[in-house]
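The following questions and answers examine a single protein chain.

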Amino acid sequence: MPPSDTSTGGFSPAMTARLAQKLAENQDDLDGWLLLGRSYSVLGQYPLAIRAFQRADRIAKGQNVEAIFGVAESLMAQDTEELGRAAGHLFEKALELEPNNPKALFYAAFAALARNELPLARERFVRLQSFNLPPEAQSLVEQRLAAIDQEMGGAPAPAAGDA
């Protein structure tokens, strides 16, 4: 058995091409389009990933958070400034669909920060503290809260247990 290519998470260009061909015959396969989007993302083919995730989003009638995240993250992979533009709006949409999704809340907090909506960003970062975040993410949230509080000239952010 040949060794797997861990740099692409097991996704190969050939496998991805076969999946794309299969989806040409079965265009309403939501899971297939999501998998194709993930495959293209892993391979660094972000324009194709965006198209696959957009197709999944259309099939799901705008109600699939994974498809929305896929488009947004692929846009950001191409240009980090997208957080303040289209990708940020997509993260907002994901948060509307799943208000208690920590990933949606995390990205939407940074999107609000990118738009310089400090009170909204602060509220979202405070809400994030109620989730069981990995230590690195919790530290990042605390740093952002401290920076926002300093910029706003307000009181320090409450600790995670104070909210």
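The buried residues of α6 are Ala104, Leu105, Phe106, Ala108, Ala109, Phe110, Ala111, Ala112 and Leu113. The model is a predicted one.

Q: What covers the buried residues of α6?
A: The buried residues of α6 include Phe106, Phe110 and Leu113. Their cover includes four helices, namely α4, α5, α7 and α8.

Q: Which residue caps the N-terminal end of α6?
A: The cap is made by a side-chain oxygen that lies 2.9 Å from the backbone nitrogen of Lys103. The residue that supplies this oxygen is Asn101.

Q: How far apart are the end C-alpha atoms of α6, and what span should its 13 residues have?
A: At 1.5 Å a residue, the 13 residues of α6 should span 18 Å. The distance between the end C-alpha atoms agrees with this, because it is also 18 Å.

Q: Which residue with a positive phi follows α6?
A: This residue is found in the loop between α6 (102-114) and α7 (118-128). Most residues other than glycine have a negative phi. The residue that follows α6 is Asn116.

Q: Is Asn116 buried or exposed?
A: A residue counts as exposed when its relative accessible area is over 50%. The value for Asn116 is 52%, so Asn116 is exposed.

Q: Which element gives the most residues to the largest nonpolar core?
A: The largest nonpolar core has 44 residues, and Leu36, Phe91, Leu113, Phe125, Leu128 and Val141 touch the most other members. The elements that give two or more residues to this core are α1 (13-25), α2 (30-42), α3, α4, α5 (86-97), α6, α7 and α8 (135-152). The most, nine residues, come from α6.

Q: Which residues does Leu36 touch, not counting residues up to four places away in sequence?
A: Leu36 is among the core residues that touch the most other members. With residues up to four places away in sequence left out, Leu36 touches Thr16, Leu19, Ala20, Leu23 and Ala52.

Q: Against which helices do the buried residues of α7 pack?
A: The buried residues of α7 are Leu118, Ala121, Arg122, Arg124, Phe125, Val126 and Leu128. Phe125 and Leu128 are also among the core residues that touch the most other members. The buried residues of α7 pack against α5, α6 and α8.

Q: Which residues does Arg55 touch, not counting residues up to four places away in sequence?
A: Arg55 lies in helix α3, and its C-alpha atom is separated by 9.6 Å from that of Asp29, 26 residues apart along the chain. With residues up to four places away in sequence left out, Arg55 touches Gln27, Asp28 and Trp33.

Q: Which residues are linked with Arg124 in a network of salt bridges?
A: Arg124 is one of the buried residues of α7. The residues linked with Arg124 in this network are Glu92, Arg115 and Glu117.

**Another loop residue**

Q: What is the phi of Lys61?
A: Lys61 is placed in the loop between α3 (46-59) and α4 (65-78). Lys61 counts as exposed because its relative accessibility is 69%. Although Lys61 is not a glycine, its phi is positive, at about 55°.

Terms used: Residues are numbered from 1 along each chain as its sequence is written. This is a predicted model: local features need pLDDT of at least 70, side-chain atom pairs count only at pLDDT 80 or more; totals for chains, interfaces and linings use all residues. Side-chain values use heavy atoms; hydrogens and water are left out. Buried means under 20% relative accessible area, exposed over 50%, partly exposed in between (1.4 Å probe, protein chains only). A nonpolar core is a set of buried Ala, Val, Leu, Ile, Met, Phe, Trp, Tyr and Cys residues joined through side-chain atoms within 4.5 Å. Contact means heavy atoms within 4.5 Å. A salt bridge is a side-chain nitrogen of Lys or Arg within 4 Å of a carboxyl oxygen of Asp or Glu. The expected span of a helix is 1.5 Å times one less than its number of residues. A polar contact is a pair of N or O atoms within 3.5 Å; within protein, one must be able to donate a hydrogen and the other to accept it, and residues adjacent in sequence count only if both atoms are side-chain atoms.
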